[in-house]
Amino acid sequence: MSDVIKCPVCGESNLPDQEFCRYCQSRLQPLTGTLKGADAAIKPGQVPTKKNTAELEPILPQWLRDARDSARKSAENDAAQAGRQSQESFSASSTPDLLAGLQSQAGNEEEETPDWLANITGAAPKPKKPQADSPEVRWVELGGAKDFAQEESDAEPFTPSWLEGLAPTEPQSDELTDWFQQTDNSQKSGQPEPQKPPFDTSFSAPVEPAAESGDTPDWLKKMAAESAQSNEALFDDSSKTFDAPSTDTPDWLRQMAAEAGEQTNDPNVPASDASDWFQQIAADDGSKNNNAPVISAGTFDAPSTPSSDAPDWLRSMGDFQDHPQGAVPAPGAEAAGFSEAGFGEPEAAASSAENLPEWMKDFPSIDNEQSAPGASPSWLKGDAPASSAGAELPSWLSGTQAPEQQQAPAQDEAAFGDIPGWLKAAAPQSSVYETPSAEPTPAPATLSFDSPDWLNAFKSIDTPDAPDEVSPPAFTPDSQTSENMDALFADMPDWLSNATDTSPSTSSTLPPAANAEEITPGELPSWVQAMRPVDTGSSARSSSTSLSSDQTLESRGALAGLQGVLPSVPGFAPTSKPKAYSIRLQASEEQQAHAALLEQILAAETEPVPIASFSALTTSRGLRWFLVAAVFAVLMAVLFMGTQIFPMPVGVPPEINGALQVSQSIPEGASVLVAFDYEPARAGEMEAAAAPLFNLLRQPNLTFISTNEIGSILAERFISGPLADSDKSGFQVLNLGYLPGGQMGIRAFAQNPGLTSPQLAGITSLSQFMALIIITDSPDSARMWIEQTSFTRGAIPMVVISSAQAAPMIQPYYDSQQISGLVSGLYGGAVFEQSNGGIPGITRTYWDAYSLGMLLAMVLITGGGLWNLVLGLRNRTSMAGGTK
Amino acid sequence: MIELIIIALSLFLLFIITLWKRRSPANLREISAFTRLYRTLGLSMEDGTRLHISLGRGSLLDAHGGSALAGLAMLRHIAERTSVSDQPSVASAGDPALGLLAQDTLQAGYQAAGVEELYVPTAGRVTGLSPFGFAAGAMHIAQNENVSANIMVGHFGSEAALLAEASDRESVIMIGASDDLIGQAVLFANTQDALIGEELFAAGAYLGAGVSHIASLTVQDILRWLVILTLLGGAVAKFFGQI
Amino acid sequence: MVFSPDLIAGVLSFLFTLLIFSYLLGDNPLFRIAVYIFVGVSSGYIAAVVFWQVILPRLFTPLTNALLSGSMAEKVFMLVPLLGTVLILMKVSPRLAGMGRIAMAFLVGVGAAVTIAGALTGTLIPQVLGTINAFDMIAATSRNIQSFEAIFSGAFILAGTIFTLIYFHFGARPKADGSMQRFGLIEMAAWVGRVFIGITLGAVFAGVYAAALTALIERISSLINFIGNFF
Amino acid sequence: MRVFTAVIAIAAGILILGGYFLQNIFPALADVQTLLLNWAIIMAGAATLVGIFNLISVHTDKVRRREQGSIYSALLVICLVAALLFGMILRPDHSAMKVVMSGIIIPVEAALMGILTISLLYAAIRLLRRRADVMSFIFLITAVLIIFSSVTLPFANIPGLNTFGRWMTQILALGGARGILIGVALGTLTTGLRVLFGADRPYGGN
């Protein structure tokens, strides 16, 4: 262990044994470990799963851990007292002990569920656990096995009503949840203590006197005395709490109620609520961090004070004022310190004042102010209201899930509230939880206040628990007797665990209640899952008895495994057979007709409405094959036979005539720029259309260029193809290749061909060519050439040879005399060829096939179109009829 | 100079009408092809099929850049709407620069939809560099990639018939528009509802791509009537030898 | 046996033509093989052409010259396209593709301007002027076209142009039944515009068919000729 | 980055437009325009290489994931890489590349164009079943008439048919074509302006 601990908040160094930073009061030691799955909530009805709650062990104050060590040493004595209990029953009885699980805490934090926690929840310990652990050790840890046995057998009947609530009722579990959450939250918050000074003054005081008590817990005696003498201010709130108790309420409780009845602001708070706050105390004291014990001390005040018939142990509480030990810790003391004080004060009896820790030494000075003889205890009278202690009680007793430092403001607000805070805490938070409080009476009747065991346990409360600030030697085995240790171990855990064990044991044979469905569903923190006694073993049940007459075992929901939580109201039993009502619906025909109509409407609404389809026309493979057969048969036959049935077209259109004149006007050997701007797809058509014109040229000097990447190859193909049969002896060809840039490239080329194409060195103007021939299948390409060269070509003629598909768009350029001639398609080529002296060329070869193909198309389109028109009309008619 | 005047006037009208259209709703005539397109978008999302948007082969550096840009604007909107679909749309182009822009546009659409991580660069593709190469590369997208509709918006020539043939064989809905008359003629014969001429540029407005698209149509209407007036006035003047 | 390039090209041409024609019977693996090979080969070829005729002569050669002997301005002017090329090449990597947007933005800006200019100078103004000039009686007379014929033709062209333009009018008003419709006169004019559009598209369609038919004839003829070479 | 790219696009566009329409006022803009266009052409060339990589990566991805038709994708990648390598090494005008061109590219493209004959016929025949409206009727009638007018008959020509066909093509069709092209130009203009001034940013950014 390191010599110093560095505060995670302020960074200052602190002693290793300090729990809180002396500079910023931040917590140095974690309150609890992280409970796995603590954040996850489970819903009622969900099957609980085992949770590893070993992380909660650090919650226990150091004194408890130290006490465990001392308990081991006294184990032998206790084991002898254990008698003849079987190992199983012993283990069962031992499980309720809060401290039972502490054995494993120090050494093995990986233990799934500490026994004490399991006992609190009533969950059956794992069968193997007691076997695995040394039973002897456990016996010792129990703080005296026999004590426990007696408690189980004897103490139960004597449980007062206000203690009845210790039974594992819903509120208990709820409160347990609260303090667990508080613990968890306090861990997160880091420094919960500095915000809780009000608790210090109000709750440490009653604990102090207990330190000097004898058999009966001193602090209880003092509380009794206090209550007898106290002003009603404090009990204005608390007394009302006991208005509701049944007639079985002990006298002292009744008296307490009588005294404080007028001042109670919340008369509806049932007596059983007192048990709640007691449970809260138990929970806080036993398992929570050291904050809780302070609370518990104050918690005991309320019930004890009003009772003049209080038993001796309560009366002895009157001595409280005679022992004015400062209940209020040092102002700077932290909550942890106060919690420790709750349990640590008893240690003062056994140990000298010198052994008292520093914070305990501070108490007297405060107590002197608070404890005035004959007056209500100052810590009750003045502190509670003044420092909002009385109101604070409810806050932390209410079991809210917020950390205590968060409760403080609320407590302040409620300091003079109508309802004491601790009563509020005791009050069930839901009607469900009120149910068990409705009949707390049986238990008080049988409760033995003299029960030494649990009183010893309270006595042991006075024994100094070991706050982190408390010097460890006070709890060393050497400094503590075995009796002290017994009492110490039995302080809260014993009665708490005992109480929690009772209900499940008695209800084990009863059928589980099925009323869980009526409970408002809520989400339980997952850690509660570990505490749910659903799988309580029989061994655990056997050793416990019910504190409630109701033996219903809850099987579902948050109360699952708890027994007697929601008892049925006594006397609520059916006296007669319920009248039989027919479940048959009495509906008239008219109503049924309306219902049918409604169903029909609803059905129509839910029935999917088909979306108006796009009337997609399915493909017709048959038509396609027919077309293929017809066209291919005709064309192949004609081409194969090489027929020349169809005459070549006669008559020369003006645009073709213009092209003819240009071709004839080009002088021999003249330079002609030819742009091959068509796609390979139209190569056949373009070659057929262009060949007649090139055949007219006389030994031209041809320069090929293309704005198409493939154009240069097409040019060479043209030379080697259609022109192959013509006389090419005089042809000179220069292929410039690809001219990139579209119209900008054309523009640049037109402005200075030699600059763009190094092969044309010396040619600086387009006008140096004698003619410009554009072979294209695109009107855009033709347009680009026409427009971009219009300013540079001068007067040189331009002829466009186009595909038939582009002719309609190029024709206007001829009409506007921007071009000199236009030859389009095979038809244009055929006309041109005819005008060239009738030398058969490629167009003649294609012409018959072309004409037949065109005629075939005309027939097919006409006939097929009409047929499909009829089909379409029929379909539309049928669809329209179907729609109607 | 007339060109500058036309540009300035168009720009001014575009700016003013864009501001005006922010407040007034768009009143546009019904175009059945866009109605079909709009429903096709939803249906493709519903039935988990893909849309194939083909942007044609219009180069940015020639006169067909306008149709390419219009196709990209439509792609941007479709990408945003269908990006979260199980089968996001794919775009094909026949021009390399247009293909890259298709990728950027698709990514922007995904980004606008907040699902940029779903964007796959191969959703925008160049399927070929020649007209028929592009068509041949795109014609099997419908068959291979669970496409329910081919949307062709851009510059198409006669190769559009090849895509139309493939769509018909696969019974895939086809909606086509081209700025080229050849492409328009082919698409007119092959599609259920043809988009003709400048309807190509209305795709963004009809699909709800933004106010500026609607304003564009209004500016086109205004310029249209100015052109008509110019034609009438110019013809009369020319006939009487005034100009 | 010597395989001349022409023979190889002829054989390949024959085979690939048949493979493509097989598509007429239905999509099949043979057709796909031919198409995918075609796409790959054509793309690779075009890329090689672009490299040899664009990248090399317009970027690397001038860049080398500029770096070796050019002025600082020339060096800068050649480094910019080099930078743009590098940025565009970054689009190969999805991670670096964002950088490529700078170059793409430049391309788009240039393209938009070229498009606007092309639309105005290449289409809008020439087409308007062409329509107006149809009524140029002087020009008609010079081409031996009678005035009546010129007016008649010009009027049809003008009417076709105007009605077609009206057909595309987008503005409309909501009707009582919820539908959007244009003004009555515009709607009527648009109907006439439909006729002109139908005529135009029909004429173009006929041209496309003629081009396709010619290509088919050429292919069938080549098949026959190829077979005929062996007999 | 978004703003930066938008600024670049807008600046480049304005300079190019200035080069088109303001070079008479600012002659330097013409040089700037030429310079910027040259850069754009180079970058477009680089984009081609990236596009090739995209093509490869898409199909490689298919092969890797063994998608439907992955064998064809593998074939495509192999052919592409081979053509690219041979083209880069041998240059495109090498005889081997010419064989590839003449043996594969041109025949396939022409054959694809050829099978459009069937596709177009099929589409035209089924058109009235898809859509029986005025435009479709006019479309088919015009197509049939023009087809009929562009052929010769073996025995006797129908007088005036060819003239009528030419009139339809050069007058009636021209009017519609001009209307369509002017409309497309208007759409292109507004679309270009939207892009030029950042309303649409196809280069990324929202």
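Mentor: Between chain D and chain C, the count is zero salt bridges. Keep in mind that this is a predicted model.

Trainee: What makes a pair count as a salt bridge, then?

Mentor: A side-chain nitrogen of Lys or Arg has to come within 4 Å of a carboxyl oxygen of Asp or Glu.

Trainee: Which elements of chain D supply at least two residues to the side that touches chain C?

Mentor: H1 (2-21), H2, H3 (70-90), H4 (95-130), H5 and H6 of chain D each do. H6(D) gives the most, with 24 residues.

Trainee: How do the residues on that side of chain D divide by type?

Mentor: Into 77 nonpolar, 22 polar and four charged. As for the area buried between chain D and chain C, about 9400 Å², carbon and sulfur atoms give 86% of it. In terms of contact, 103 residues of chain D meet 103 residues of chain C.

Trainee: Now chains B and D: how many salt bridges does the rule find across that interface?

Mentor: Two. Arg130(D) and Asp168(B) pair up through their side chains, N to O, at 3.9 Å.

Trainee: Why is the Arg130(D) and Asp168(B) pair called a salt bridge?

Mentor: The cut-off is 4 Å. The pair joins an Arg nitrogen to an Asp oxygen at 3.9 Å, so it passes the test.

Trainee: What else turns up across the interface of chain B and chain D?

Mentor: The rule finds 16 residue pairs in polar contact, both at pLDDT 80 or more. On the chain B side, H4(B) brings the largest share, 10 residues. That side splits into 34 nonpolar, 21 polar and 11 charged residues. The contact takes in 66 residues of chain B and 56 residues of chain D, and the buried area is about 5200 Å², with 69% from carbon and sulfur atoms.

Trainee: How do you know which residues line the largest cavity?

Mentor: A lining residue needs an atom within 4 Å of a cavity point. For the largest cavity 48 residues line it, and those nearest its centre are Thr707(A), Glu709(A), Arg57(B), Ser59(B) and Asp62(B). The elements giving two or more residues are H40 (779-788) of chain A, H4 (96-113) of chain B, H2 (29-69) of chain C and H2 (28-64) of chain D. H40(A) gives the most, five residues. By type, the lining holds 19 nonpolar, 18 polar and 11 charged residues.

Trainee: What is the volume of the second largest cavity?

Mentor: About 450 Å³. It has 28 lining residues, and Ala807(A), Ser824(A), Tyr827(A), Ser150(D) and Thr169(D) are the closest to its centre. H6(D) brings the largest share of that lining, five residues.

Trainee: And how does the lining of the second largest cavity divide by type?

Mentor: Into 15 nonpolar, 11 polar and two charged residues.

Definitions and conventions
Residues are numbered from 1 along each chain as its sequence is written. Chains are lettered from A and ligands numbered from 1 in the order in which they are written. This is a predicted model: local features need pLDDT of at least 70, side-chain atom pairs count only at pLDDT 80 or more; totals for chains, interfaces and linings use all residues. Side-chain values use heavy atoms; hydrogens and water are left out. On a 1 Å grid over the protein atoms alone, a cavity is a set of points where a 1.4 Å probe fits but cannot get out, and a pocket is an open set with protein on both sides within 12 Å along at least five of seven lines; lining residues have an atom within 4 Å of a point. Helices (H or I, at least four residues) and strands (E, at least two) are DSSP runs, numbered from the N terminus. Ala, Val, Leu, Ile, Met, Phe, Trp, Tyr, Cys and Pro count as nonpolar, Asp, Glu, Lys and Arg as charged, and the others, Gly among them, as polar. Grid points are joined across faces, edges and corners, and a volume is the space filled by probe spheres set on the points. Contact means heavy atoms within 4.5 Å. Buried area is the accessible area (1.4 Å probe) that two parts lose on being put together, summed over both. A polar contact is a pair of N or O atoms within 3.5 Å; within protein, one must be able to donate a hydrogen and the other to accept it, and residues adjacent in sequence count only if both atoms are side-chain atoms.
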